[in-house]
Amino acid sequence: MTFSELDPRTLTALGPLGALEAAGAPRATADTLSGLSAHPDARVRARVAAHPNTPVEVLGLLAAAFPREVLGNPGLPLMRLARPNLLGAFPAEGVTALLALPEAPGWVLDGAARHEDFGVRTALAVRADLSPARVEALAQDAGWQVREAVARRAHLPEVLVRQLASDDDYDVRKSVAARTDLPGDVLRTLVGDGHGIVRASVARRLDLPLDCMLTLATDDDTDVLATLSRRVDLPRNVREWLAGNENPLVRAAALQAWRVPAEWLTRAEHDADPEVRAALARRPDAGPEGLTRLAADESETVRRAVLERNDLPEEAVLALARAPEQDIRLHVASAEELAPSVLDLLLTDPDSAVRTILAVRPDLGPERLARLAADPDPEVRRAVAYAQTPGDEVLGRLAADPNAGVRRASARHPLLPPALFPTLAADSDDGVRLSVAGRDDLPEEVRERLRGDSDESVRAEAEHGDS
């Protein structure tokens, strides 16, 4: 039987070697290649993508994963003659993959320019090697995403910059506003743009003229004012004006500048809006005393802002350990290098989940572990059994715990004193005896007793541990 006679419905079941041979056969039929295009082996699919008998529709599906193979397919020239708009039959992902190849020929660029999917035309617009005529044509595209991509191009004729600066879509104008080669008169036009997102883009410019700053300082859009407030090169009167703005988001943004007067920081700590106090907590120059006060702030927003820092003084950590939010206290309990005062406070936390986290800390020490070993919650006591070095006394207490789950955990601890083996091997709970039976360090007399246990699983575990 030849490969051309194979049933396409069974081709995906071929092994890799057989499928590779079939996909490379010179006389492989379109049906055979279509069947092999779904083969799980990528090498087979790549070979199908390079075969001249593969149908156009199948090539389009394979182009996304194998663009070079499709582009080098020897049958492609004939396919293009038969179907002038060949790429129109390709899915967008396939054409985009072809465009990503630096060696993509001109006919691919032409096909992409005519493709109905705006994503393809956008991918074309970002190519650096486009001709001026093609760039100009894309600047007139019906899709705003395409025009926006043109507006972001590194080198753009001034006539197109001016055209796109008056585009109907604000996203296009926003991209123009971020250009470093923007003519001064166009920049000042965009300062008065009808959409706040465009004016905010202008407010981010490093080279923003002073007169534009003054104009934007009177803007009625919060995002524009907040963006302007973050600048470090504002005139003093503009900075003071924005720092006292009635909108808390603007006041908070003003605190993000590199340098602000000391009196602003004092004022911000007593600001009525938590967003402003949270912004103060994020400043790298916030002092330990201020951070301690902010850690005890009445607002959760502020406390969470303090929690983001890794340079908190002990008093601030203590304040966070008293926070009403469980997840904040859990975060503190799992932090590295906690002071003894913080550990002692968390030992008394009302939430057992916090105390459970503490139990497995390597720096807790035997005294604190002993306290947790007597915790009223069995989950906490069981967690102590997973501590690295709980000590013989603590392990003895856990081995005698009224909760079987705690005893099971203690029976597995690698540092369990051998004197406890016989007691746990005679425990009334099958799970405890099973845990003991699985130990590799059991004395022979204890193992022998477990081999005769009433529970089949315990007996099997004892036999396995001996092997």
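These are my notebook entries on a few places I looked up in this predicted model.

**Entry 1: the nonpolar cores**

I started with the inside of the structure. Which residues touch the most other members of the largest nonpolar core? I found that they are Phe-90 and Leu-228, in a core of 74 residues. I then listed the contacts of Phe-90, skipping its neighbours within four places in sequence. Phe-90 is in contact with Val-56, Leu-59, Gly-60, Ala-63, Val-70, Val-95, Leu-98 and His-115. Another core, of 49 residues, lies apart from the largest one. Its members include Leu-294, Val-306, Ala-383 and Val-384. I noted a rule to go with this: in soluble globular proteins, nonpolar side chains tend to be buried together.

**Entry 2: helix H15**

Next I turned to H15, which covers residues 196-203. How many of the 8 residues of H15 are buried? I got 7, so this helix is largely enclosed by the rest of the structure. I wrote down the buried ones: Gly-196, Val-198, Arg-199, Ala-200, Ser-201, Val-202 and Ala-203. An arginine, Arg-199, is on that list too. What do the buried residues of H15 pack against? My list has four helices: H13 (170-177), H14 (184-191), H16 (210-216) and H17 (222-229).

I wanted another helix pair, and I picked H20 (residues 262-269) and H21 (residues 274-281). Their axes come within 8 Å and cross at roughly 130 degrees. That makes H20 oblique to H21. I noted the crossing as left-handed. Leu-265, Ala-268 and Glu-269 of H20 meet Val-276, Arg-277 and Leu-280 of H21. By class I have 4 nonpolar, no polar and 2 charged residues in this contact.

Then I followed the chain back to Leu-255, in the loop between H19 (248-254) and H20. Is Leu-255 buried or exposed? Its relative accessibility is 3%, so I put it down as buried. Leaving out residues up to four places away in sequence, Leu-255 touches Trp-264, Leu-265, Ala-268, Val-276, Ala-279, Leu-280 and Arg-283. I also checked Ala-278, which is 23 residues from Leu-255 in sequence. From C-alpha to C-alpha, the two are 10.0 Å apart.

**Entry 3: H23 and H25**

H23 (residues 300-307) and H25 pack at an angle of about 15 degrees, with axes 11 Å apart. They are therefore roughly parallel to each other. H23 passes H25 in a left-handed crossing. I read off the contact residues: Arg-303, Arg-304 and Leu-307 on H23, and Asp-327, Ile-328, His-331 and Val-332 on H25. By class they come to 3 nonpolar, 1 polar and 3 charged residues.

**Entry 4: two loop residues around H25**

I looked up Arg-322, in the loop between H24 (314-321) and H25. With a relative accessible area of 55%, Arg-322 is exposed. Leu-346 is 24 residues from Arg-322 along the chain, and their C-alpha atoms are separated by 8.4 Å.

In the loop between H25 (326-333) and H26 (340-347), I stopped at Glu-337. What is its phi? Glu-337 has a positive phi of about 55 degrees, although it is not a glycine. Glu-337 counts as exposed, at 74% relative accessibility.

**Entry 5: a buried arginine**

My last stop was Arg-368, in helix H28 (residues 366-373). Buried or exposed, I asked of Arg-368? Its relative accessible area is 18%, and buried means under 20%, so Arg-368 is buried.

Definitions and conventions
Residues numbered from 1 in each chain as written. Predicted model: local features only at pLDDT ≥ 70, side-chain atom pairs only at ≥ 80, totals over all residues. Heavy atoms only, no water. Buried < 20%, exposed > 50% of the residue type's maximum accessible area, 1.4 Å probe, protein only. Axes fitted to C-alpha atoms, helices over the stretch in contact; angles between N-to-C directions. Parallel < 35°, antiparallel > 145°, perpendicular 65-115°, else oblique. Left-handed = near helix turned anticlockwise from the far one by under 90°. Contact = heavy atoms within 4.5 Å. Nonpolar A, V, L, I, M, F, W, Y, C, P; charged D, E, K, R; others polar. Core = buried A, V, L, I, M, F, W, Y, C linked by side-chain atoms within 4.5 Å.
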